[in-house]
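Me: Can you walk me through this one? I would like the fold before the details.

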Amino acid sequence: MTDQPPNGLPRYRVLTGPDDAKFCHRVSEALDLGYRLYGSPAATFDGDQVIVAQAVLWPGGQG
């Protein structure tokens, strides 16, 4: 694993979206790249659907 995330991605990311399979796949893809979960997920209801957020952090050096 390198000190920097691939493809110019930032070290810290917050993934957000509707609570569905697509969101889960996005989080899983970040984990597969080498990111680690950062903190607990958050959820809210926008009047129509549940919206979730999950922060991920790249474990390599200082950016």
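What follows is a short exchange about the fold, the core and the surface.

Me: What should I know about the model and the numbering?
Reply: This is a predicted model, where local features need pLDDT of at least 70, side-chain atom pairs count only at pLDDT 80 or more, and totals for chains, interfaces and linings use all residues. Residues are numbered from 1 along each chain as its sequence is written, and side-chain values use heavy atoms, with hydrogens and water left out.

Me: In what order do the elements of the protein chain run from the N terminus?
Reply: The order is β-α-β-β, with one helix and three strands. Helices (H or I, at least four residues) and strands (E, at least two) are DSSP runs, numbered from the N terminus.

Me: How many bridges pair β1 with β3?
Reply: Seven, in the antiparallel sense, between β1 (residues 12-18) and β3 (residues 50-57). Strands count as paired if DSSP finds at least two bridges between them. T16 stands opposite A53 in β3.

Me: And which way do β2 and β3 run?
Reply: Antiparallel, with seven bridges joining β2 (residues 36-45) to β3. L37 has V56 as its bridge partner in β3. The two strands β2 and β3 form a hairpin with four residues between them, and G47 in the turn has a positive phi of about 95°.

Me: Switching topic, which residues make up the largest nonpolar core?
Reply: Eight residues: L15, F23, V27, A30, Y35, V52, V56 and W58. α1 (21-33) and β3 are the elements that give two or more residues to this core, and α1 gives the most, with three. A nonpolar core here is a set of buried Ala, Val, Leu, Ile, Met, Phe, Trp, Tyr and Cys residues joined through side-chain atoms within 4.5 Å.

Me: What is V52 in contact with, leaving aside its neighbours within four places in sequence?
Reply: L15, T16, G17, P18, D19, F23, A42 and A43. Contact means heavy atoms within 4.5 Å.

Me: Is S40 buried or exposed?
Reply: S40 is exposed, because its relative accessible area is 65%. The cut-offs are under 20% for buried and over 50% for exposed, with partly exposed in between (1.4 Å probe, protein chains only). S40 lies in strand β2, and its C-alpha is 16 Å from that of W58, 18 residues apart in sequence.

Me: What share of the protein chain is made up of buried residues?
Reply: Buried residues make up 24% of the 63 residues.

Me: And what does the C-alpha trace span along its principal axes?
Reply: About 40 × 20 × 15 Å.
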